Structures are given as C-alpha cells and as structure tokens.
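Please look over the sequence and the 3D structure below.

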Amino acid sequence: MKRLQVLLCSGSACQSAGALEVKRALVEAITDLGLHEEVQLVETGCMGPCEFGPILLVYPEGAYYVRVKPQDARQIAEEHFLKGRVVRRLLWSGPAPEPRTLPFFARQKKVVLSNCGQIDPEKIEEYIAQGGYEALAKVLTQMTPTEVIAEITRSGLRGRGGAGFPTGRKWQAVHDAPGRPKYVICNGDEGDPGAFMDRAILEGDPHSVLEGMAIAAYAVGAEKGYIYVRAEYPLAVKRLEVAIAQARKLGLLGARIFDTDFSFDVELRIGAGAFVCGEETALIASIEGRRGEPRPRPPYPATSGLFGKPTLINNVETFANVRHIILNGGDWFAQMGTATSKGTKVFALAGQVKNTGLVEVPMGITLRELIFEVGGGVPQGRKFKAVQIGGPSGGCLPESLLDVPIDYESLKEYGAIMGSGGVIVLDDTSCMVNVAKFFLEFTADESCGKCVPCRVGTRLMLGILTRITQGQGTDQDLRELERLATLVKEASLCGLGQTAPNPVLSTLRYFREEYLAHIHDKACPAGVCPDLIHYDIQAELCRACDLCRRACPTGAAQGTPRQPPYRIVQELCIRCGACLEACPFGAVVKRPGRKG
Amino acid sequence: MITLTIDGIRVQGEEGETVLQVAKKAGIRIPTLCYLEGLSPRGACRLCLVEVRNWGGRLVPACATPVQEGMEVVANSARLQELRRAILEMLFAERNHICAFCVSNGHCELQDLAAELGMDHVRYPYRWLPFFVDLSHAKYGIDHNRCVLCGRCVRACAEVEGAATWGFSGRGISTLVEADLGEPWGQSKTCTGCGKCVQACPTGALFEKGKATSEQVKRPEILAEVKERRPRA
C-alpha cells in the first residue's frame, strides 16, 4: 500500500483539457523527488465535473484539485506529496468546505457511476476489488434465469436509452421467444448532441457493462453478445477491448464461466457515425453488415432481431445498473425514484450552466434542483430561459416547469422526453426559434431517407423555420409548421422521425410569442437571428475613438476621429457584431428588430 | 385463422399474413407505393398507413404489419386520407414530377395515386434540386429526378434477380439509388440487363430506351410471377 493515491481523471473531456500532459509532468516531478515508491498515480474514468478538468483527486486527504495545468505539477508534488501541505489555490472549493459537501456532490446519488473516477478502468483487478463480477457469480450459482428476470422486474428498471421500456418485460419477452441462438446487444451508439453518459461509463467502468450483459445473457438464454459503439469514441473502444481481453483471460467471458454450463462472449462492432443507428432495428441492420436503416416493428427484436433471431437490446446505462440490482436487490433499487420511474439517472449537463459535466441523481429530482443546485445555475448573472432535455428528440421546457419532478411520464406530458439524459441549459441569449432550427437541422441531416415524412417533412419544416428566422415568415407558415410537425410525428417510420418535431412543438407551446415576434415584428427578441436585429451607436456615449470603424469588415461603421458621434449605415451592415466587441465605451448596442 | 376487423368489416387471415394482404382479399382498397407483390415489404412510403384502434390509435404500415387476433383496423378515414394526400404532396415537392415531361406519363403509379387520392395541388415549395440522368446502360436509363426512393428496384434486383446491383447511397434528402459502388449503370459488372428493376419502378425514374411515352407501359406484376416460378432460397 502506497502512502498517497492520486486519481487523475482521464475521461475524454479531461484528456482534451490536457490531462495526459498533466500526467507526464506529475510523473516527472514524482520521479525527480524520489516519491515513486510512495505515490500511486491512477488514471480513472470520468469524475463528473468536466467543466473543471483536468481533475486530480488525492487520497487520503481527499484533496480535489481542478483545472490543473502541467506547470502546477511540480508545486503539487513538492508541497503536497512531499511536504504534506495541500495546494489551496488549486482546490475546487478553495479554502472553503470540503468539496464532497458541495451541492454538486451532495445532491448526487452514484450507482451507475460509483466506479467512474474511482478505479483504473484498464485494470480488472480494481473492478473486482470493488465487488465486480460478484453479481454474475451470484446469478450463475444461486439463481435461475426466471429469478433473475423477476428481480429486474421488481426493481422497476426501465430502458435508459430514451424510450423507457420496462427492462424486465423486455428480458422476459426474449426469454420466452422461441428460436436459437439468441443474442444480447449493448447499444452504445450515443448520438444526441450534448449527451455523453454512455461514453463515460464505457470509458470509466467498462466491466460493469460486460457484467450486466453476461447476466442478461444468462437470463434470456443467449451465448453471444455484441457491443455497438460509435467510432467517434476511440477511448471507449480501446478500454472495452482491454476489458474484454482481461475478462476472457480470467474466464469471466468465454466458455463455462465460473465452472457452470453458462458460456458467453462479446464482440465489438464500431458504428460509422450515423445517428439513426441508435434506433434498435437500424443498429441491428448495421451489425448484420447492411445499410443502417430502421424497419417497421412489429416484429420486435425480442422475437426477430439480429440475423432474424430473438435479440435483447439494451442501452449502456441500463446494463450498468444490472449488477447493482442483483447485489442489492430489486426492492433496494425500487425505493429510489418516483412511482413509475425507479432508480437513478445519469444526466449530462451542458450549455449555460456553471457545473457542466456528468451527474447521477435519483429519479424524481426536480429540474430546478438539477440545474440550480447540482448544476450551480446559470453563469455570469444571466437569466435562465429554458432547458432542452432529451436531445434532438426532446423538448424545451420553460422556467414555469422547473419544479416538475423528472421521470419518464412527467417529461413526456410536458412535451420533452427523458431521452438519453442530455440536459442543455439555455439562458436569455438563446433564441428559441433558432434552437428549434438547430435541432431540426440535426435530425434532417441525420434522417436516413427511408420514409417520406421524415426525409421530406423535416426538410420542409426546416425551410419554414429558416424563413421565420430570416424575417420572411407568415401566420400561414406557422400553421403549416404545426401541421407538418404533427404529420411527421405520426407518420414516420422510426423514433428519429417520430420525435424530430418535438423541439419545434415544445418551443411553439411555451415560447410562441417569440415566433410571433419574428413573424409580426420582424424582431428576434434574444438578438440572435442576424436578419432580425440591428446595431446602433448611442451618440452620447461615443468618443469617436475610431475602433468600430476599423473593426467593421464592410465599412458600415462610419465617422471621423475625435468628432463624435459615429454611426452605422444599416444598408451596409451585415450584423456581425465586430463593432460591439471593439467598442470600449459601450456605445454600440445590439437591438432586436430592423431599423428604419 | 386470425380474426380482425378492417373498417368495421370482420375479416380473417392466416398467421403471418399482413394487414394489406387480408384487406386485399376482403376487397378493401389500401393505397400503396413502395409495396410490390413478390418483394419483401419495406414500409417506407407510408401511404398504406392504417390506424389500429386498439393499439392506442397507432399508425402502422399495412404492408409490413402482420395481422393479430382482435385488431381493429381503420384503413380509410378522413384523417388517413388527409395524411396520404400530404405524403403525396411531399413526394411531388421533393423531386421533379412534372407529368407532361415524363416518359411514364399516363402509366405512372405516382400519378394514379394522386388522381385516386384527390391530390390536385402541392402546397409545399418545390425543391427541384437537379439530379443527373444516367443513360450509360445499353437498354435502360435512370432519371433520379423522377425517383421516389421506394426501393422496389433495389429489392427486385436483390430478391428476384439475385444480382444486387442496385443499392442506396447517401442519406436523407440526398439519398440516391446507385448501381454497384456508384459507377455509371452501363459499367456495372453485376447488372445482368434483365430489366426487372425497370418493370418494378412505379414512376419514370427507370425506363426503357427507344420507347415512346405511350409505349412505356410497365409490368410490375412480373416480379411476383417470376418469384412464383423460380423461388429463391
């Protein structure tokens, strides 16, 4: 046992913030100081507060260093590791209370993420030391498949990929389906903009997913599993490869696991980056080597899935929950959450929120608690405007709905969805028409083109939204937009098209006045849409410093030095905002609507 | 036997039969476009959408939905009529379907459907992105401007002829039917020149060279006939 354990977050976010450079500098400093016998440096998966990366957690003190730079390494090593004095300036909470008591951590309940950021994901021994593969052992030696399914059903676990189908019922359906062989698929094709929980789990605790899949395979009677991960997650792929190799070596995957008659092995499949492949039938087509296109259901994959055989397909986070349910019991899991949504949910906080990152909270927490307590609220004194939850299939909820408890049903009722759990916070600098357009652009681009409503309908909707943001929208457009939205939602083949209108429908429901301002007043109230704003110079504040004129790319800002005021010629202005940024006196202002 | 109702009429079907097949036997008309007898159902055009009352009013494609005991299917209603018309309008707005200039004028399934469903104008802006016309094949031509991406040619080629020359490339609005890996049709190494794709095509996208418009009558029913005579594994 070494004297100090230094956990370095090396999730994708921290790596892009420079965690590996910090590691190199730390190793160098530790070696220089001759501390390599005393200090153990562990690379872990995501710790959560991605905003503050790279993160270093030093035990036994529990010192939580944030935004560490390579040049800080020597000071940390000398002061803390050698002399035992914590470097206060780098601590998250500064000299204030211990970080674990901050709302960011205190309000969280880590089940799925309990190992993330705590163990080295590339060492199976560390996973086993945390109770890893105990659940699989218990299942294989003490439980029948029916008992396993009963336990999962009792827990109330529902699919974490978005739609929230009861996991126990799905397992039962595959178990009961005639035909062999059966397959288990882990859906790791996480594609929502702003969602990264599956990546974090695969990077930080890959064995928990493998174990969940093995337990599921035992329950439904499968011998073969596939993990479908997108190619954009190279670190997750690498760690899964390491994990699978290690599990095989110890006999936790392969033939006759734990000397029972149960055999199970897993193969990786790398997705080529199509969003639609997160849809289960498209994903199956992709694994089979065909074009990633959904097909009509029924038949469901439970009866006719991969290669036409009964197939269980669950999301990464769903599988990661399984071992906890087996070890602690379904009743333990069911006591967390609301009447219909049990357990915890991992959310990816992004957008205009202080603590962007990955958090795990019990179901039933309110949006307000999630955004303002865990997330720390909106930064820079800005005003909260809306929260976009559920990715491109989700919706935008306004401030008046912040006290809604988060569960599958309540979100759906208000026009959003749980989705994979992406939470994007928007402040008053966001134009809701533009937000709807952004998400629709995404889905229209990602539409596979198979069914007509999604392929053509999303494009037509996008055309209308574009016209509205350019100030060419009419009341007729708004009616047509709503009609199309309903049509695409009802008539599309798969979940992509059926949910693509949600951002439009929810913004129309809660922020209709903003659409009307674009259409009637030709003004973008948030000052985002370039065609519906103008810049102006307040004469009394202008000092004729000439900076705006020099910054302006089109010659629209005009005037003579030392002879205020300057002015902006609207016909020449392209509304790029360069003058606003250049003005040191706050004389340039951006106003909604056109001038003149 | 499975018993269900379609538009209030009690009908019976065999296990594995689709709603469309059962409706057809009972003489109930459901419009289709991407469906073609003899080929696997695709469920893509959404014209055959029917409402299943006791599935919470869910809309499902009749061509790809197996019948189930006790289903209450609505195959024709004002809502469905409106929806089918809107889908046709989308197809007409998507690519160039000006009948007067089309080789299939007068014997085109898209045109017939528009007439049947009363789609007499298109309220959406026409997109009319220019697509290319490939005349490299000795006997046939493909005009992507007329293509509705129903995939009947793709399935006819793979499932009946067994050549699998045709496939889709791109996605969304830029999806194209393509021979082999995108080379001109005439250079395809796998195309047998059998012309089944042309017979399967519901519009003027695939056509025979050297034939006048009045002669471009297609025989999509031959796919089912060939399939019957030479069933593939």
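This is a predicted model: local features need pLDDT of at least 70, side-chain atom pairs count only at pLDDT 80 or more; totals for chains, interfaces and linings use all residues.

Residues are numbered from 1 along each chain as its sequence is written, while chains are lettered from A and ligands numbered from 1 in the order in which they are written.

**Chain B as a whole**

- Chain B has six helices and ten strands. Helices (H or I, at least four residues) and strands (E, at least two) are DSSP runs, numbered from the N terminus.
- The radius of gyration of chain B is 18 Å, close to the 17 Å of the globule rule for 233 residues, so chain B is as compact as a globular protein of that length. This radius is taken over C-alpha atoms, and the rule is 2.2 Å times the number of residues to the power 0.38.
- Along the principal axes, the C-alpha atoms of chain B fill a box of roughly 50 × 45 × 35 Å.
- In chain B, 44% of the 233 residues count as buried. Buried means that 20 or more other C-beta atoms lie within 10 Å of the residue's own, with C-beta atoms placed from the backbone; exposed means 12 or fewer, and partly exposed is in between.
- Take the contacts in chain B between residues at least 6 apart in sequence: 63% of them join residues at least 24 apart. Two residues are in contact if their C-beta atoms, placed from the backbone, lie within 7 Å.

**Hairpins in chain B**

- Strands S3 (residues 49-52) and S4 (residues 58-61) of chain B run antiparallel and are joined by four bridges. Two strands pair if DSSP finds at least two bridges between them.
- Val50(B) has Val60(B) as its bridge partner in S4(B).
- Five residues lie between S3(B) and S4(B) in this hairpin, and Gly56(B) in the turn has a positive phi of about 70°.
- S3(B) also pairs with strand S5 (residues 72-74) of chain B, in the antiparallel sense over two bridges. There, Glu51(B) has Val74(B) as its bridge partner.
- Strands S8 (residues 166-169) and S9 (residues 176-179) of chain B also run antiparallel, with four bridges. Six residues separate them in a hairpin, where Gly170(B) in the turn has a positive phi of about 70°.

**A buried helix in chain B**

- Helix H4 (residues 152-161) of chain B is largely enclosed by the rest of the structure, because eight of its ten residues are buried.
- Among the buried residues of H4(B) are Cys153(B), Val154(B) and Cys157(B).
- The buried residues of H4(B) pack against S8, S9, helix H5 (196-200), strand S10 (206-208) and helix H6 (222-229) of chain B.
- Gly162(B) follows H4(B) and has a positive phi, near 80°.

**Strands in chain A**

- Five strands of chain A form an open sheet with mixed pairing, in the order S10-S9-S13-S11-S12.
- Strands S10 (357-362) and S12 (395-398) of chain A stand at the edges with a single partner strand each, so one side of each has no neighbour in the sheet.
- Strand S9 (residues 344-351) of chain A runs antiparallel to S10(A), with six bridges between them.
- Strand S8 (residues 311-315) of chain A is mostly covered, with five of its five residues buried.
- From S8(A), Thr311(A), Ile313(A) and Asn315(A) point one way, and Leu312(A) and Asn314(A) point the other way. In a regular strand the side chains alternate between the two faces of the sheet.
- Strand S5 (residues 183-188) of chain A runs parallel to S8(A), joined by five bridges. Tyr183(A) has Thr311(A) as its bridge partner.

**Where the chains meet**

- In the contact between chains, 23 residues of chain A touch 26 residues of chain B.
- Helices H17 (432-446), H18 (452-469) and H19 (475-491) of chain A each give two or more residues to the chain A side.
- H18(A) gives the largest share of that side, eight residues.
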